[in-house]
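Please read the following report beside the sequence and the model. The text moves from a central residue and its core to the helices, and then to the chain as a whole.

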Amino acid sequence: TSSHTEMHELLLEAWLPDIFQRYEHGHPMPDPQECLDAMAGLLHQHPCDLPPLTGDRLWTQARRLGTRSAGGTDGWRCDEFKALPSRHFHWLALLLSHIEDTGEWPHSALLAGVSLIPKGTDGKELPLDQRPITVLALVYRVWSGLRYKDLLEWQESWIWPTLRGGRAHQSTTDVTYSVALDVELCRLKSD
């Protein structure tokens, strides 16, 4: 369908009961403290010292934005944001440092847009045949990309060696290949 209203109604019909109203239909709300108590033996504190945000680091990170990447909900397009003079990124560093210190983001930076992308090429347009892609503010994307890189070394100091996703030089595909190899070895042994 090309009707936005009809697509929205189909989306609500498909997703509202199981996703957006999950806890209104008899599923108990998760208790964060109960989860922390259950995981207490697995959780350990690992202090993290982040490098300071600087205009130069943010400017370099902004240069990594793809030319075909979607613009942000803050109204910036990638090419416009990348064209800003470096001094603007120094001011942005001051703002983002304040946000990190206080934990309070401006409301406009918290807005997100969601686009639906078809999962396959079979031409189906039903909501469950779509993959939601969330688009955030460009400022947030630049900040989070930089902080993600800042946290990789710290993460390696505590992460379980068997975890693969979101790690440098690791991939969830590694697990897939390992399982496929185990299956193949079992098949060879049974022959």
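Contact here means heavy atoms within 4.5 Å. By that criterion, and leaving aside neighbours within four places in sequence, Leu 53 is in contact with Leu 58, Ala 93, Leu 96, Ser 97, Glu 100, Trp 143, Leu 146 and Arg 147. This is a predicted model, in which local features need pLDDT of at least 70 and side-chain atom pairs count only at pLDDT 80 or more, while totals for chains, interfaces and linings use all residues. Residues are numbered from 1 along each chain as its sequence is written, and side-chain values use heavy atoms, with hydrogens and water left out.

Leu 53 is also listed, with Leu 58, Phe 81, Phe 89, Leu 92 and Leu 96, among the residues with the most contacts inside the largest nonpolar core, which has 17 residues. Such a core is a set of buried Ala, Val, Leu, Ile, Met, Phe, Trp, Tyr and Cys residues joined through side-chain atoms within 4.5 Å. At least two residues of this core come from each of H3, H4, H5 and H6, where helices are DSSP runs (H or I, at least four residues) and strands are runs of E (at least two), numbered from the N terminus.

Helix H5 (residues 86-102) packs against H6 at an angle of about 70 degrees, with the axes 12 Å apart; axes are lines fitted to C-alpha atoms, for helices over the stretch in contact, and angles run from 0 to 180 degrees between N-to-C directions. The two helices H5 and H6 are therefore roughly perpendicular, a term for angles of 65 to 115 degrees. Leu 92, Leu 96 and Glu 100 in H5 meet Val 139, Trp 143 and Arg 147 in H6.

| Residue | Relative accessibility | Class |
|---|---|---|
| Asp 150 | 16% | buried |
| Arg 77 | 47% | partly exposed |

Asp 150 belongs to helix H6 (residues 138-156) and, residues up to four places away not being counted, touches Leu 50, Pro 51 and Arg 57. Arg 77 lies in the loop between helix H3 (55-62) and helix H4 (78-82), and its C-alpha atom is separated by 7.8 Å from that of Leu 138, 61 residues apart along the chain.

Over the whole protein chain there are 7 helices and 2 strands, and buried residues make up 19% of the 191 residues.

Notes. Buried means under 20% relative accessible area, exposed over 50%, partly exposed in between (1.4 Å probe, protein chains only). Angles under 35 degrees count as roughly parallel, over 145 as roughly antiparallel, 65 to 115 as roughly perpendicular and the rest as oblique.
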